[in-house]
Amino acid sequence: MINNEDFLELYSIYIDNINNVNLKYKRYLYDNINWDARLICIRGAKGTGKTTMILQYIKEHFPDINKALYISLDDFHFQLYNIYDVAEYAYNHGVESLFIDEIHYHKNWEQLIKNIYDRFKKLKIVYTGSSILQIDKSTADLSRRQTVYDLAGFSLREYLYFNHIIDFQVCTLEDLLNNHIDISMSICKQIKPLLLFDNYLKNGYYPFSLETKQDYLKQLLNVINTIIFQDIPLVDDISFSTLQKARKLLMILAKQVPLEPNISMLCREIETTREVVIKLLFLLQKANLIMLLNKEINSYKSISKPDKIYIDNTNLMYAITTNVNKGTLRETFFLNQLSVKHQLLYPKKGDFLIDDKFTVEVGGNGKTFKQIKDLPNSLLAVDDIEHGLKNTIPLYLFGFLY
């Protein structure tokens, strides 16, 4: 059982965290969460700002700070303390909302959350965890009890906002299709977007880029290693030697993407079986290190073999390899940004099919409709232009969708 002295130590850490958080800038997801729900899960890749977001919510919405408690399970204290006991002590001493960070550090996290939820009927619970968490398959059946949110990295719009360059409203895809000329003119009156876009592609996706300027890509490599060698084993029973194969696979993919995968070739490259390669591909996808693009939604074929593979975001490309292909960079940006709110498939013609309706070809200045000229609802997403015309839309504008 936890005693008062133990709890005060955790409480002191909680207060320090609250005092150090800034309320001025908030991520896109902050206002989209139904914070009144009794059980909330926020998933996301390491470094996307989950911790900051929940600390901001506590600081902004709890004038009586004693009615909330924040704990992070990667804290060494939880090698000693029973988390259920902490929840019980907090609840019995007036805490109404419990915020648990890095839930994947607890081996039986599903059962823990269920037990706390079922036992303390008036306690609201918000927890964060790795994007790898398999909530829908949870043994504790949390899926019907909770609301799940996924936090992506910075959009181009957020990158400009958090760097105090421009505060521009979110655009919908419909806005871009119908009004992209007016939108680009409004943006270009305030900034020169193309240079800033190039900076974002290399250094702007993860929020910790705001604090780590010179060593950002080196720190991003450390994040990759942490995800592979620490986060993945916490949620999947996998050997160290297989994790080493996962890192090697990621390096191979980074040099070849976008790749229509030859699974047999990948098996030979990392010296393993087809089953292991497929498992690693989907773990790397869940970990937000790669993106898998398919021709069909949840088909048997897409489960056994993805149709195309991309690195998850452009910053990862720069961190992993020094040979970044410009065409791949553009496609990766487009897929990464559109996937937050839309469903993308790999069409027979063109690069992407959005929401089973819009066919998109991505390219540089000079790209034409030649490949998709006969398709309805087709458009070009073109780099290196500030303004578009008709169905030719500047690529950077697709970074303003969230």
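**Briefing: the surroundings of Trp35 and the chain as a whole**

Trp35 touches Tyr30, Ile40, Ile42, Ile54, Tyr57, Phe99, Lys124 and Val126, leaving aside residues up to four places away in sequence. The structure is a predicted model. Within this model, Trp35 sits in the loop that lies between helix 1 (4–19) and strand 1 (39–44).

**Trp35**

- Trp35 counts as buried because its relative accessibility is 11%, and the cut-off for buried is under 20%.

**Fold and dimensions**

- The chain contains 14 helices and 12 strands.
- Its radius of gyration is 22 Å, close to the 21 Å given by the globule rule for 402 residues, so the chain is as compact as a globular protein of that length.
- Along the principal axes, the C-alpha atoms fill a box of roughly 70 × 55 × 40 Å.
- Of the contacts with a separation of 6 or more, 67% join residues 24 or more positions apart.

**Burial, surface and charge**

- Buried residues account for 55% of the 402 residues in the chain.
- The accessible surface amounts to about 18,800 Å², and carbon and sulfur atoms contribute 46% of this area.
- The chain carries 46 positive and 47 negative side chains, and the centres of these two sets are 6 Å apart.

Conventions
Residues numbered from 1 in each chain as written. Predicted model: local features only at pLDDT ≥ 70, side-chain atom pairs only at ≥ 80, totals over all residues. Heavy atoms only, no water. Helix = DSSP H or I, 4+ residues; strand = E, 2+ residues; numbered from the N terminus. Rg over C-alpha atoms; globule rule 2.2 N^0.38 Å. Buried < 20%, exposed > 50% of the residue type's maximum accessible area, 1.4 Å probe, protein only. Contact = heavy atoms within 4.5 Å. Areas by Shrake-Rupley, 256 points an atom, 1.4 Å probe, with all protein chains shown as cover. Lys, Arg positive; Asp, Glu negative; His and termini not counted. Charge placed at Lys NZ, Arg CZ, Asp CG, Glu CD.
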